[in-house]
Each structure stands twice: as C-alpha cells, then as structure tokens.
Amino acid sequence: MVNSGRLTLRQEDLQDFVRGAAFLGTGGGGDPYVGRLILQQEMAKGAEVRILPLADLADDALVVPVAMMGAPTVMTEKVPSIEALQRALDEVARGAGRKVDALIPLEIGGINSTMPLVVGARGRLPVVNADGMGRAFPEIQMVTFGVYGCPISPVVVANELGDVVTVRAVNNKQGEDLARSVVVRMGGAAHIALYPMTGADVKATAIPDTLTLALDIGRIIRTARAERKRPEVALCDHVSRLPVPRTVKVLFDGKIVDVRRETKGGFNVGSVSLDGIADWQGVFKVEFQNENLIAYHDGAVRAMVPDLITLVDRETGEPITTECLKYGQRVKVIGLSVPPIMRTPEALATFGPRAFRLDHDYVPLEEIR
Amino acid sequence: MRIGVDVGGTNTDAALMDGAKVVASVKSPTTEDIATGVIGAIRSVLKEAQQDPSVVRTVMIGTTQFTNAFVERKRLSEVAVLRLALPATQSLPPMTDWPEALVNAIGRNIFWIEGGYEFDGREIMPFNERQVLDAVRNIKKLGIRAVAVSSVFSPINPEMERRAQEIILNEIPDVKVTLASDIGRIGLVERENAAIMNSSLADLSARVVGSFREALINLGITAPFYISQNDGTLMSADYVERYPVLTFASGPTNSMRGAAYLSGLKEAIVVDIGGTTADVGVLTHGFPRESSVPVDIGGVRTNFRMPDILAVGLGGGSIVRDGEDLTVGPDSVGYRLIREGLAFGGDVMTATDIAVAAGHVQIGDVARVKRLVPDRVVDAALDIIHRTVEDAVDRMKTSVEDVPVVLVGGGSILINRDLRGASEIHVPARSAEANAIGAAIAQVGGETDRVFRYAEQGRDAALASAMREAEEKAVSAGGDPETFKVIDVEELPLSYGPGDAVRVRVKVVSDLVQ
C-alpha cells in the first residue's frame, strides 16, 4: 500500500484490512464483512482511497469522522447507506460553513473502520491515518477526540430515507444518549457524522497510524498462517518497532469450556472461560460488554480495558467476535497495549475500567506480572 | 414398510425398514442419469428382503444432485432478482460477492423496488405495486422463468415478499418464485443468496423430482415419496421442487441420523470415517447440531440450516509416511485404495494397512502387510489416528463431560482403542448404509428465526408464538400435529437493541401424517 511516499488503499488490501480491524475490534465492533463488501463494491468502480499521514494534515483542514451507530445485527439487514453517510457529512459541513477536507474513522475496530473509506472512495476524500478509539468501544463519547476537549456536537444522525437529525448536546455523554434514541427510532442502526475538528485538533487528540496498524495486523496474520508460523511472534516484533512502541502478550492458550451471555441495558454482556492447552495451566476468564473488557488468570487480572484483549483461532489466527464464541474452540488470548494517549487520567475516566463499572484501578498490560 | 435411498457421488444405498426394524440394506453404483441407479437399488433391496413393491408405503430419498449442480455450475436456470428495499441497501446490490462464472451462468437481472421493514416491523417504505408490476413485465419480456424475491427484515414480516409473489404469478402464472423469507435467516446478503441459489435450480429440481417420480412408477410403487433436507427432516416432493436448496447438506445429515438410529442414542458424537475424511458431528435430541456461522457453497455465502460438521483428513485411504515425524494423511489414495494399498498388492502404506497390520481386521494379503509394516510404525500411526479422532471429538463437544461416540463408515475399522473424551464407543451393525437408514427414519420439521421484543409481549408469549409459527411450518410440510416435539430453542439478544429485542430460533419436528 505504500507507494512512493503516498499511501493508497487498494482492493487487494481489503481482506487484510478488515481482518486487522476485527482484531482491533477486541471482540466487538460488529462483523466487518458487510463493510468490506460495500467498500469492495465501491472500489471495483476504480476508486482508490488515499490515506493521509497525520503529519501531512493541514492545521486548518476540516476533518470529520463518519460512522455507523446501533446494533450490528440490524446492519446485516439494513446495510449501511453511502448516501446517508454522505448526507450526515454534508450537514456537518453546512453547519461549519465550509467543505470537508478529510475523513477519519471514529473507531478502527470492526465495521466502523470501513465507513470513512467507503465515503472517501465515493467522494474522493482522503482518510486520515488515525482514529478516536484505537479499538472498538460501545459508545460515541468514548473517543480521544472528546477526552482531549473536542466537542461531540453537532452529532448528525441520518437514515436512508433522507431524514437528518442534528443533536447539539451540552456534553459528550448527553450527545451519545440523545443520538442513541434517534438511532433507535430510525430502526436500530443509523449513519452519523460528529466531532468536526480542525487538522490541529486531530493531531492533538487522535490515535495515530491505526489504519496502517489494522492493515499490518491483517497481513501479519495471513502471512503467518501461510508460512505455518505463530502470528503473535511477528505481531510482537511489529508493534515493538512502531514509532510509539507497543506490547503484544499471549495471555493464554486454551480451549473454551464455558460461554455465558445476557443482555443488560441493551448490551451484550457475558464471559468466556478457558482451560489451558500445552504448557498453560489453570483457569482463564474474559469478561465482555460487547467488547472484551478484562481478563483473569486463576482470579488474577492479566489485562484490562482500554488495553486490547482479542481471542484468535489457535490454528488460523483469525480474530473471533464475542457473538461467535462457543464451547470447544481452541483459542489464543492476545493482549495488545494501547499508546500513552489512551492511558492518561482523563482518558481512563472516559474508557478505563471504572467507566465500565469494573472495580479495578488501571494497570498497563506490560506492568502486569 | 418404507424405503430410504441415499444417492451419493459413488454409491446409491437403499434400506428397507419395517417400523423400527431394518429388514434389508444394499449398496449399488450411482448412475449418470440417477434414476436407473435408484431403480437398481430399490429393486435389489426388495429382492434381498423378498418383498413385493406393493409393501412400500413411503419412499425417502437423499440426494446430492442439487449441491453438485450448483458447485459445478451445470444446468442452472437464468434468474431475476427482485429486491424490495429502496431506498435502503443500495450500497450492496444482489450477488455482489459472487464468483463471476456463477453470475454468468444465471445472469445479473436485478430489479430494485421500494419497500422492506425495520427490525420492529415498521415499513421502510410502503409496498409499491406499480414498481413490482413494471419489473414483472420486464421479466416476462426477457423470458426469465425463475424469480427470487428478497426484502429487508423479511423474516420478521414476509408480507411484502408475498404480495410481490402474487403479482408475479398473476402476470406469469407458470414462473418459479422463491421468497427469501421462506428459506433464510436474519442477514440480508446470506438470505438473498440462498433464494437466488434456489431459483437457479428451478428447472433442475422439476426434472429431478420428475425422474424420481417416474422411477417409482416404473417399479410399481405408488406410495408418496419425500426428500431429505439439510437438518435431517423431510420435504414432500412438491416442496423440493420449490426449495431444492434445502437438500444441500443432506448427505452427512442422513448418515448422522442413521448413526443415531442404529446406536439408539440421541445425544452423542458421530464420527463417520470414509476413505479420505472423517466427518465429525454432534447429535442433540437425535438431530445434527446446526452450524451457527455462515457457510460458503460454491463461493457463495449463505446462512440456511446446515449441520455443523468438522471434516478432518483421516480415512481408510489416508497415506502413512514413515520418517522422523510419522504422519497419517491428510492426503489419501481415495477410491484407488483397492489397487494401491499394501494389503491389495500396491506400494502405498495406508491407514487401512495399519489396521490390518494391527490385526483389527482381515482384508487382502494380511501376511504381506505384516511383513512390510514394522511394529514401531503400527504403534505410532495408531497413536496419531486415535489422537486425531480424539481432538476432533473434543472440538465438537459442547461440554466438559465425556460423551458417547458412534463410529460409522467403512473407516471405522481404524479405531480399536478407547477414545479420550468418549464415555462409550458404539460401532453399530449396518453402519455402512447409515445414510440410507437415516433417510428412511426421517421426520418433518419446521423452524422460526426472527426478532421478538420481549419488552412488549414478554418472553413467554414471544417464545410461544415462535413455537406456533414453527409448528405451522411443520404442518404445511406434511407433519402430524399430534407428534410435535421442540428440538431446539435459541435466544440471541441484539446488542444495543431497544425494548429487549431478541432474535429467537425455534425448531420443531413431528412424524409424517400417515
């Protein structure tokens, strides 16, 4: 995808990209299959998507995230509409009184990684190589843009019929709540554009290089599978050499012996338990609320939100979403640390363990044991 | 009495049953025209039992013809697709991810119409009769004989698809219409794919059902006949003419159902070891557990009822390679086993030769095998064979407890020890014809899969209406309401869904009305 200093995303990159996005979805974020198909369809018309490095972004550029909000199951029926995403985006531009210069993913994990690419492919807009979550989170105020002072409003919610609702909320959480109720009325899934930012805002608040990280992770998993190697080794090596180095840890290697699920307040809440394989002993447990939140080994915490906890198939390295977990699967549990921008006190107040009602103070992945 | 017939790629098996008793079972070669092979198999099973055709009250047939036709892209009909969804879903036209060769075989005749539903049953847009009529007149002009109709959230409300069907049949009375809501589950792309696949088999299904009918008349059998489907239940011949796609995985399903019957077990793991692979599946309530993930058929993603089968590369013909790391399979000599295996005078060491050398079984030139295969290799290969089956069984188990294992298929001779994870091992008699027996004992089924809002009607009322819907489907497939049995209830909450929206899947089975 690197092409003489310019970055472009091409059709042949898509499988790798969505695999990496699913990995970064950390168990949630929705199945990127539909997103990939839409993007593939759009790119088959000859469009490429230009990926803009954060450093190349002009400080006075208008940058807007576009995304889907709502239930992933609804998105498998009433699939995302490029027109509706565009309408939401246009409305934000109208409010700002100028045209949009670049798009950015709100969330790199799962289906939302593909939405700005789809709009970018159609409208020939570049997509900034960064995002606001570095993974998947369940709510739209759980983004670094908001954590570091960018207002969520206006949140423009649009459907395929042409309805456009603009929410101007007094704070970011209120923006989530009000937009959510509009989304429900629009059929449980809708298209949003929000957090209009300047290039300077984005440079100050976004998590850098996550589009390329998704692509790299997807490619590493595919290559490891083809060469019958262990993907975590190559992953570990790769993230340690990033400009902002990260840590990859195999937290456990085991077999699923129990999966519990229930709906609580509109969320898919539950846990998965594993027994060790090979040298791994004891009982491992991952608790999730749409995304995997915390992992325990024999009762001791091994990783917690916002660090990523992803279950991958032991043989293929393919990431597994919480909906697809079932007894008997052989999985590896992989932890990936998040960069410092996601670990400050204000970031942790928004999406740290206590924001998910977990009674733990955050301990970084690399400092546990 | 009833006759079960399983038409496989190599053999056509037949079993004659009297109540719960297998009177006779035979294997005969599959023929190019299928019908001749079916006639041959039924004749020889009647002959073996010394029975007259007039004793046969019901015939059940399992066939892989439709799967093969679709995968090989042969004899497919041209299809028109009506999608009632505008202005939604435009970003993903029908057949977006299909292999080009397949699209060429059935055409890309797509008609976009306003309509569809939200998950809570509200209309996205009202049904547009005018648009449907325009599309149908176009289809008529094009001379297309098969139409697939699809709509957003049609499992929640099939009304718009049904109204479209009325208009289509009114304009072109003898066209074959498939409604996606009649076949698939939640997931627009996968459900629509299944409907288009089904439409593409419209001509073939009429011919196949016609040839089965003719074969039975030739034999002097006037009894009704049924065809088995993916989940191990039966469809009437008319129903198969309309929904051939539902037969796609009936082969492994029938063999599992046969294993359940022959072993008398309803909860077990079935290991069907053939020449090249071992197919491992799970029986719950005597039926195969279904796959919960989308299944790819001929390069097309679908989500209709398919058994959850794990195939591993271990069979009677698996090649055994001696070396630093001794290996068994995954490649196999397949049907060439009877020429290339050591026991048959060939020079390839196969899993069957290991069984012969170990003395599990007497096949071919036992002395030659014992001379050529060292004890060390026998022990190591048997370890691998057992470990492969143990791992596959363990992967398919649903809980930690040991479960009974039923071994069927010719390759079951490879297993002679206890298996870790197995509470007991059954190797029933007549296990080679488990397929045909599975077809002969089949019942009819009905299924619901849609979203309910527990906050509105309460969980109990929602589950009750899901069951009622499933029962209605079973009755329309020929089921006897007196014998209903619920065999599966699954509740899947929609995350972020309001009003406790839950996707409910219910499956019932019943005996055929006599």
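This is a predicted model: local features need pLDDT of at least 70, side-chain atom pairs count only at pLDDT 80 or more; totals for chains, interfaces and linings use all residues.
Local features were taken at pLDDT of at least 70 and side-chain atom pairs at pLDDT 80 or more, whereas totals for chains, interfaces and linings use all residues. Residues are numbered from 1 along each chain as its sequence is written, and chains are lettered from A and ligands numbered from 1 in the order in which they are written.

Chain A contains 11 helices and 19 strands; helices (H or I, at least four residues) and strands (E, at least two) are DSSP runs, numbered from the N terminus. The C-alpha atoms of chain A occupy a box of roughly 60 × 45 × 40 Å along the principal axes. Of the 369 residues, 57% are buried (20 or more other C-beta atoms within 10 Å of the residue's own, with C-beta atoms placed from the backbone). Of the contacts in chain A between residues at least 6 apart in sequence, 72% join residues at least 24 apart, a contact being a pair of residues whose C-beta atoms, placed from the backbone, lie within 7 Å.

Within chain A, helix α2 (residues 33-43) packs against helix α5 (residues 115-123) at an angle of about 15 degrees, with the axes 9 Å apart. Axes are lines fitted to C-alpha atoms over the stretch in contact, and angles run from 0 to 180 degrees between N-to-C directions. The two helices are therefore roughly parallel (angles under 35 degrees). On the α2(A) side the contact involves Gly35(A), Ile38(A), Leu39(A), Glu42(A) and Met43(A), and on the α5(A) side Met115(A), Leu117(A), Val118(A), Ala121(A) and Arg122(A). These comprise seven nonpolar, one polar and two charged residues; Ala, Val, Leu, Ile, Met, Phe, Trp, Tyr, Cys and Pro count as nonpolar, Asp, Glu, Lys and Arg as charged, and the others, Gly among them, as polar.

Chain B has 16 helices and 23 strands. With a radius of gyration of 25 Å, close to the 24 Å given by the globule rule for 514 residues, chain B is as compact as a globular protein of that length. Its C-alpha atoms fill a box of roughly 80 × 55 × 50 Å along the principal axes, and 53% of the 514 residues are buried.

The contact between the chains takes 32 residues from chain B and 30 residues from chain A. Helix α13 (residues 375-396) of chain B supplies the largest share of the chain B side, three residues. That side divides into 15 nonpolar, 10 polar and seven charged residues.

Conventions
Angles under 35 degrees count as roughly parallel, over 145 as roughly antiparallel, 65 to 115 as roughly perpendicular and the rest as oblique. Two residues are in contact if their C-beta atoms, placed from the backbone, lie within 7 Å. A residue is buried if 20 or more other C-beta atoms lie within 10 Å of its own, exposed if 12 or fewer, and partly exposed in between; C-beta atoms are placed from the backbone. The radius of gyration is taken over C-alpha atoms; the globule rule is 2.2 Å times the number of residues to the power 0.38.
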